[in-house]
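Colleague: I'd like to learn how to read a protein model. Could you walk me through it, one feature at a time?

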Amino acid sequence: MWRQFPSSFWAANVMEIFERMGWYGFYAVSSLYLTGAVADGGLGLTSEDRGVIQGLATFFLYLFPAVFGALADRYGFRRMFLASCAVMVPGYLLLGIPNGFWGFLAVYFLVAVGHGMFKPVVISTVAKSTTEKTGSMGFGIFYMKVNVGGFLGPIVAGEVRGWDWQYVFYASAAWILLMGVVTLLVYKEPPRDADAESRRSLNEVFRGMIAVVGNGRFFLLIAVLLLLLVMGSKWLSPNEYLPAAAIWLVLNLTVDVLLRRRAGDGFWLTQPMRVGEGRYLVFLVLMAFFWTSFNQIFMTLPEYIRDYADTSDLIRSLGPIAGSITNLAQKVGFDTSEWGRAVLEHGQVKPEHMINLNALGIIVGQVGIAYLVRKLHPLTTIILGSFITVISFLLYLIGQGGWIIVIAILVFSVGEMLASPRSKEYAGRIAPPEKVGMYMGYFYWCVALGNLFGGLLSGGLYQHFGPAERGGVDNPNVMWVIFAGLAMVSVVLLTAYDRWVKARPHRSGQAAP
């Protein structure tokens with residue numbers, strides 16, 4: 001089985017492990033750093049400001065791949081990998097310097113740019129290194145490797161943040177540096193028409209990028225709406241940005257009616273709006289609901305565990321095992337005096353270690369689940385996975401004990417293993433061969449919207465329904481019901497989309513979804 005994948009596939013998987021170790025090494029503990037007390041080394045921000053930072057930075061991280069994917073198609077995957085490394089390493093080293101909202105957001109934005117350069121190239125390498133026959137297993141293996149990095153990074157971060165938060169940033173920079181070494185020494189680009197792609201001018205590259213969405217006017221409509229959403233995250237109230245968005249939309253539709261009455265194309269601003277890959281764009285919008293709820297495991301759950309969870313049942317259950325491991329380590333000469341601090345904080349299991357069970361579950365189960373669902377249609381698998389995430393959010397209503405949270409996280413992991421890798425496979429199969437990088441870049445727009453909405457909802461809802469000492473109403477169960485409802489919306493809409501796609505034959509020249 002392993003020999004059916006070329007060397008570029010395995011090199012990309014190793015690079016993905018290091019890149020994810022760098023990203024999740026900080027992201028998994030970012031809620032704790034941003035809202036933690038200044039005396040403990042944190043920034044002391046509110047949950048609402050934390051949500052804005054996480055939402056905006058990750059929004060742009062997943063927005064940029066559309067641009068960088070197009071540039072990678074033009075200039076080469078290897079060059080884009082190295083350029084991303086050159087941006088991320090200094091970004092992480094600078095991340096520990098700012099001590100306020102604006103400074104931290106600015107540097108985190110730089111980190112997001114670097115990861116946004118990496119994203120479309122690694123997923124495009126996997127897409128080009130697999131076929132329709134090997135796609136399910138290939139993307140399943142890739143997603144398992146994603147979570148190997150997502151598992152190891154937070155473990156190291158959880159250990160070193162007990163020394164000083166600065167070591168978290170140093171560790172992330174080190175992982176990215178190792179990723180760059182693998183790029184230089186091991187990575188070889190998968191087969192592609194490099195000569196034809198290199199002959200395309202930048203103007204042709206960006207025209208092709210816009211064509212996926214539609215024409216220039218439709219792209220402008222979407223770009224301004226996204227800008228208003230970003231401004232509404234902190235700088236504008238809903239009473240300001242929602243009417244502005246409505247006016248912009250109505251104005252464009254009105255102008256469009258007038259333009260369609262006259263003949264000729266003319267300048268791009270005077271052309272009627274045209275939607276590009278309509279089915280693909282609808283799919284991306286629907287997947288944004290899934291990613292909005294998905295992100296709560298990293299944005300909301302760390303604060304929830306810190307403020308509400310009682311993990312004493314976990315400590316009692318696992319205490320004898322931990323004691324045996326510690327005794328064995330002491331017998332072979334290890335100093336275990338600081339081991340407790342690496343796992344516990346204020347007598348409770350650290351949030352990042354509990355959340356890390358998500359990555360561990362995927363490492364253990366992803367290849368097996370990918371094998372079991374390999375014959376199912378990708379959309380069917382995505383819908384099933386989204387429904388399982390609904391169940392995982394409702395489990396938090398049962399109680400706040402450690403084992404309940406563990407079960408909820410592992411159930412969520414099953415849903416993620418079904419939905420996330422198959423959604424990437426689905427997007428990669430739609431793309432024309434010469435535009436895989438661009439299409440996979442656009443795939444991350446749904447992740448971008450999910451991060452933006454997820455961050456804003458996380459910060460706002462936790463600020464309102466969270467602990468009374470932080471100004472909340474102390475009723476987090478309502479918050480989890482809302483997140484479950486969002487995931488359920490994605491289930492319903494994706495089911496309707498599946499029926500719509502099956503009822504309409506796909507146009508020739510492109511693979512059927």
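Colleague: Let's start with charges. Which side chain meets arginine 306 in a salt bridge?

Modeller: Keep in mind that this is a predicted model. To call a salt bridge, you look for a side-chain nitrogen of Lys or Arg within 4 Å of a carboxyl oxygen of Asp or Glu. Here arginine 306 meets glutamate 303, at 3.1 Å from N to O. Both sit in helix H14 (residues 301-308), 3 residues apart, which is about one turn of the helix.

Colleague: Now rings. How is a pair of aromatic rings described?

Modeller: You give the distance between the centres and the angle between the planes. A search of the whole structure turns up 40 aromatic pairs. Among them, phenylalanine 101 and tryptophan 102 are edge-to-face, with 5.1 Å between centres and 85° between planes. For phenylalanine 104 and tyrosine 108, the centres are 5.4 Å apart and the planes are at 45°, so that pair is tilted.

Colleague: Where do phenylalanine 104 and tyrosine 108 sit, and how far along the helix are they from each other?

Modeller: They're in helix H5, 4 residues apart, so about one helical turn separates them. Phenylalanine 104 is buried at 0%, and tyrosine 108 is buried at 1%.

Colleague: What can I check about helix H5 itself?

Modeller: Try its length. At 1.5 Å a residue, the 28 residues of H5 (residues 101-128) should span 40 Å, and the end C-alpha atoms are 40 Å apart, which agrees. Then look at burial: 23 of the 28 residues are buried, so H5 is largely enclosed by the rest of the structure.

Colleague: What about the surface: which residues make the nonpolar patch?

Modeller: Leu318, Ile321, Ile325, Leu328, Val332, Phe334, Trp339 and Trp403 make a patch of about 820 Å². Helix H15 (residues 312-331) gives the largest share, 4 residues. Isoleucine 325 lies in that helix and, at 49% relative accessibility, counts as partly exposed.

Colleague: One last feature. What is the phi of histidine 346?

Modeller: First the general idea: most residues other than glycine have a negative phi. Histidine 346 has a positive one, near 55°. You'll find histidine 346 in the loop between strand S1 (344-345) and strand S2 (348-349), and at 76% it counts as exposed. Aspartate 474 also has a positive phi, about 60°. Its place is the loop between helix H20 (436-465) and helix H21 (476-503).

Conventions. Residues numbered from 1 in each chain as written. Predicted model: local features only at pLDDT ≥ 70, side-chain atom pairs only at ≥ 80, totals over all residues. Heavy atoms only, no water. Helix = DSSP H or I, 4+ residues; strand = E, 2+ residues; numbered from the N terminus. Expected span 1.5 Å × (residues − 1). Buried < 20%, exposed > 50% of the residue type's maximum accessible area, 1.4 Å probe, protein only. Patch = residues over 30% accessible without salt bridge, like charges linked within 9 Å, V, L, I, M, F, W, Y side chains within 5 Å. Areas by Shrake-Rupley, 256 points an atom, 1.4 Å probe, with all protein chains shown as cover. Phe/Tyr/Trp six-rings, centres within 6.5 Å; stacked < 30°, edge-to-face > 60°.
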